[in-house]
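Please look over the sequence and the model before reading on.

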Amino acid sequence: MKGAMELEPELLLQEARENVEAAQSYRRELGHRLQGLQEARRQIKDSASQTRGVLKQHFNDLKGTLGKLLDERLVTLLQEVDVIEQETIKPLDDCQKLIEHGVNTAEDLVREGEIALLGGIGEQNEKLWSFTKKASHIQLDSLPEVPLLVDVPCLSAQLDDSVLNIVKDHIFKHGTVASRPPVQIEELIEKPGGIIVRWCKVDDDFTAQDYRLQFRKCTSNHFEDVYVGSETEFIVLHIDPNVDYQFRVCARGDGRQEWSPWSVPQIGHSTLVPHEEWTTGFEGYSLSSRRNIALRNDSESSGVLYSSAPTYFCGQTLTFRVETVGQPDRRDSIGVCAEKQNGYESLQRDQAVCISTNGAVFVNGKEMTNQLPAVTSGSTVTFDVEAVTLGTTNNNEGGNFKLRVTISSNNREVVFDWLLDQSCGSLYFGCSFFYPGWKVLVF
C-alpha cells in the first residue's frame, strides 16, 4: 500500500507534464488558426478596398466618357440645325431682296407720277408722257411668289425619352461584384531554376477561352505577364533559388474581351538551383544568353551537345521542352549519360539512355521494344532516375550498378533498368540533332 502511495506523486507529475505539453500544443494550434483568420480577414478587406477603387475609377471614367459623348452629340445636332437654317433662309433672303427692290421702284414711280400730275396738262405734258411711258415698261401687275408657311421648314428637335430607360436598364445591369474569381491557382511545383504553376476553374458556369498568368518577386510592387494562352499550366523559368515569388491568374470568358478578377495570389519558391547549362563553344549549336536553350544551326558540324557539368542527380526530374522542330533523323537523341564521350554522333551508345525524335528509346545503345510518340513542337520529355542497386549485381548483362529510369513524353511513359559500369552520383544531359531548326529547352 505504501509503494503505491510513493508512485502516485510521480504519476501526477508525469500527467501534469503531459497536460502542459498538450496545452502548449493546443495554444500553438489556436495561434495558427488565429493567424489564418487574420489572413482571411486581410484578404477580404484588401480585396474589398481594391474592388471599391476599381469601381469608383471605372464609373468616374464612364461618366467622363458619357459626358463627352453627349457633348459631341449635342454639337452634331446643333450643327445640323445651323446647316438647315442657312440653306432654307437663303431663298427667303433672295425673295426679300427682290420685293424690296420692287418697293423702291414703285415708290420712285409714285413720286414721279404725283409730280407730273401736279403740273397740269400744258407745260407738264412732256412729264406726263415720260411718266406714262416709264410706267408702261414696269410690270406693275407682276408680284413675286412668297412661299406659304406650310412650304418652308419648321425646325424641331425629336428627342425620344425612351433612351433614358434603355440607358438606365443598361447602367443598372452594368458591372458585377464577384466574391470569388472563376479561376484559382491549384499547385506550385518547384523545378531547378523554375516553378510549374497549375491552375483550374472553380466556377462551373464560366467557360474560359484564355488564361493570363502573372508573377513577381515578393519584394517587387509590379506584376508582369509571363503567359497568355489556353493551357492550364506553365513553367516560369529564371527563378532565383530560395526567393519567394507571387503568382496570380485570371481568365477571359468565351467570346469576351475583358478579363476576370485575379485569383488569390499564391507564394512559391524553388530550393533547386538551375542545372549547369549547355556547354559553350560547340560550333553546331547556338545557345541563348542563359545557356538553357540550344538551337541546332546550319553548321556542318555534328555530334552530341553535353551539359557543362554532371549536375543531374538521382531523384530529380530532368525536363526537356522542344520549342521548334527541324527535319527528323533516326540518329537524333535527347537524354542523359554517365560521362561525356566525344567522337560519338549520338547518345545512342553505351552508358547513355535517350529518346530519338521518332520516339524510339535507347538504353546503352540498344533500342527498346517500347516506343514513345514522336517528338513534335511543344513536346515535353522528362527523365526520372532513381538508384535501385548500389552494390555489385549478379548477372551477365555487363553492368555493375543499376538505375531505374522513367521517360515520359506526350502523356506516355516507359520504365526500364539501366546498368552502368560504375557507380554514378550525378549525370550529364545531352542532345544531338542532324538537321537545323531543332530548339530544345532544359530545366
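Predicted model: local features only at pLDDT ≥ 70, side-chain atom pairs only at ≥ 80, totals over all residues.

**The surroundings of V325**

- V325 is placed in the loop that runs between β12 (317–324) and β13 (333–337).
- When neighbours within four places in sequence are left aside, the residues in contact with V325 are T376, S377, G437 and W438.
- Although V325 and F434 are separated by 109 residues in sequence, their C-alpha atoms are 11 Å apart in space.

**Domains**

- The chain is divided into three parts, namely domain 1 (22–142), domain 2 (183–268) and domain 3, which is made up of 285–391 + 398–442.
- Between the C-alpha centres of domain 1 and domain 3 there is a distance of 78 Å.

**The largest pocket**

- The largest pocket holds about 2,000 Å³ of space, and its lining is formed by 45 residues, among which T51, A178, P181, P261 and W262 lie nearest its centre.
- Two elements, α1 (2–118) and β6 (245–253), are those that give two or more residues to this lining, and the largest share, 13 residues, comes from α1.
- Sorted by class, the lining of the largest pocket consists of 19 nonpolar, 14 polar and 12 charged residues.

**Nonpolar cores**

- The largest nonpolar core has 35 residues, and those that touch the most other members are W278, F320, V336, F383, I407 and W418.
- Strand β19 (residues 412–420) supplies the largest share of this core, which amounts to 4 residues.
- If residues up to four places away in sequence are not counted, F320 touches a list of residues that includes W278, I334, V381, F383, F429, V440, L441 and V442, and also G335, S379, T380 and G430.
- Apart from this core there is a second, separate one of 17 residues, and V197, F234, V236 and Y245 are included in it.

**The loop between β18 and β19**

- N410 lies in the loop between β18 (401–409) and β19, and N411 has its place in the loop between β18 and β19 as well.
- N410 is not a glycine, and yet its phi is positive, at about 50°; for N411, also a residue other than glycine, phi is positive and near 65°.
- Which exposure class does each of these residues fall into? N410, with a relative accessible area of 31%, is partly exposed, whereas N411, with a relative accessible area of 86%, is exposed because this value is over 50%.

**The loop between β16 and β17**

- A374 is found in the loop between β16 (366–371) and β17 (380–389), and with a relative accessibility of 40% A374 counts as partly exposed.
- A374 and F215 are 159 residues apart in sequence, and the distance between their C-alpha atoms is 33 Å.

Technical notes:
Residues numbered from 1 in each chain as written. Heavy atoms only, no water. Core = buried A, V, L, I, M, F, W, Y, C linked by side-chain atoms within 4.5 Å. Buried < 20%, exposed > 50% of the residue type's maximum accessible area, 1.4 Å probe, protein only. Contact = heavy atoms within 4.5 Å. Domains from an automatic or database assignment. 1 Å grid on protein atoms, 1.4 Å probe; cavity = no way out; pocket = protein on both sides within 12 Å on 5 of 7 lines; lining within 4 Å. Points joined across faces, edges and corners; volume = space filled by probe spheres on them. Nonpolar A, V, L, I, M, F, W, Y, C, P; charged D, E, K, R; others polar.
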